[in-house]
Amino acid sequence: NAFTQTQTAQLAQIAIDSDTTDGDTTNDLLVTSSSNTITDAIPGVTLSLTKVNTAGENTNLTVGTDSSAVQTKIDSFISAYNGIMTFIDAQSDADWGHAAEFRTVKNRIQGLLVTKVNGTGAFNYLTDIGITTDSKTGQISATSSTLTDAINNNLDDIVKLFAGETSVTGIMDQYESYLDDVTDSFTGIFASRETSTESILKTLNDQIRRQEDRLTQKEKNLRSQFDSLEQLASIMNSQASYLTQQLG
């Protein structure tokens, strides 16, 4: 009794019709939602409803390709790749940096750059969209004009190159699969290296303990020999004193 209803609760509803001028609502696609945010009406599009249309009022929505977002994602891939290469090269001053595992990772991620994607799209290699490698530094970059042209005119083919198709693995899936393997906390290169290092340390510690035991035993033997020599020297000194007295 302490509350007063000021508005009847209702679901948000929109009517989608590709032809809003025909005046026929029977073919409209009605979409309802428990909130004013609708994500399942148009694939890849989020609609935020901010007002109620009056009867006969339409809101036109044009959905286009966000070229800048695609460019940003590709730039992020390039930056992430170069970050890995920079990190690997920075380890060259440490013993770990010369390990075979590091060389294998570097060779593999470089090899994936030139892997062919046998899809139905116009692009089979990353070089087809303008991504090239500096032969001296190993860093990659994109030729702006080539990439922009590919995004504007062959976006679907770029998606096929990176994301793949049915029964065709894209470049990103290949990178993700390989990097997941090498960075796995149980079977990755760090985990394997850690296990082998711990094994080496255990072996060295065992050798140190055995050597310490031998040295301890050697010390006991030398002390025993020294005590025996002291006793022998004492006896000989006594005998020398006795003989000196007899001959004196």
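The legends below accompany an overview and several close-up views of a predicted model of one protein chain.

**Figure 1. Overall architecture of the predicted protein chain.** The secondary structure of the chain amounts to 6 helices and 8 strands, and, read from the N terminus, its elements follow the order β-β-β-β-α-α-β-β-α-α-β-β-α-α. The radius of gyration of the protein chain is 39 Å, well over the 18 Å that the globule rule gives for 248 residues, so the chain is more spread out than a compact globule. The C-alpha trace spans about 150 × 70 × 30 Å along its principal axes, and 22% of the 248 residues count as buried.

Figure 2. Side chains of opposite charge can pair when their charged atoms come close. The structure holds 5 salt bridges, and one of them joins K202 to D206, with the closest N and O atoms 3.3 Å apart. Both K202 and D206 belong to helix α6, which covers residues 189-247, and their separation of 4 residues corresponds to about one turn of the helix. D206 also forms a salt bridge with R209, for which the closest N and O atoms are 2.1 Å apart; because R209 and D206 are 3 residues apart in helix α6, about one helical turn separates them. As to solvent accessibility, K202 is exposed, with a relative accessible area of 53%, whereas R209, at 45%, is partly exposed.

**Figure 3. The salt bridge between E219 and R223 in helix α6.** E219 pairs with R223 in a salt bridge whose closest N and O atoms lie 3.3 Å apart. The two residues, E219 and R223, are both located in helix α6 and are 4 residues apart, which is about one turn of the helix. E219 has a relative accessible area of 39% and is therefore partly exposed, while R223 has a relative accessible area of 54% and is therefore exposed, the cut-off for that class being over 50%.

**Figure 4. A patch of negative charge around E176.** On the surface, D173, E176, D180 and D181 gather in a patch of negative charge. Among these residues, E176 is found in helix α5, which comprises residues 171-182, and E176 counts as partly exposed because its relative accessibility is 47%, between the cut-offs of 20% and 50%.

**Figure 5. The buried residue I158 in helix α4.** I158 is part of helix α4, formed by residues 155-163. The relative accessible area of I158 is 3%, and I158 is therefore buried, since that class requires a value under 20%.

**Figure 6. The positive phi of S167 in the loop between β7 and β8.** Most residues other than glycine have a negative phi. S167, although not a glycine, has a positive phi of about 65°. The place of S167 is in the loop that connects β7 (164-165) with β8 (168-169), and with a relative accessibility of 76% S167 counts as exposed.

Conventions:
Residues are numbered from 1 along each chain as its sequence is written. This is a predicted model: local features need pLDDT of at least 70, side-chain atom pairs count only at pLDDT 80 or more; totals for chains, interfaces and linings use all residues. Side-chain values use heavy atoms; hydrogens and water are left out. Patches are made of residues with over 30% relative accessible area and no salt bridge: like charges are joined within 9 Å, nonpolar side chains (Val, Leu, Ile, Met, Phe, Trp, Tyr) within 5 Å. Accessible areas come from the Shrake-Rupley method with a 1.4 Å probe; for residues, only the protein chains shown count as cover. A salt bridge is a side-chain nitrogen of Lys or Arg within 4 Å of a carboxyl oxygen of Asp or Glu. Lys and Arg count as positive and Asp and Glu as negative; His and the chain ends are not counted. The place of a charge is taken as NZ of Lys, CZ of Arg, CG of Asp or CD of Glu. Buried means under 20% relative accessible area, exposed over 50%, partly exposed in between (1.4 Å probe, protein chains only). The radius of gyration is taken over C-alpha atoms; the globule rule is 2.2 Å times the number of residues to the power 0.38.
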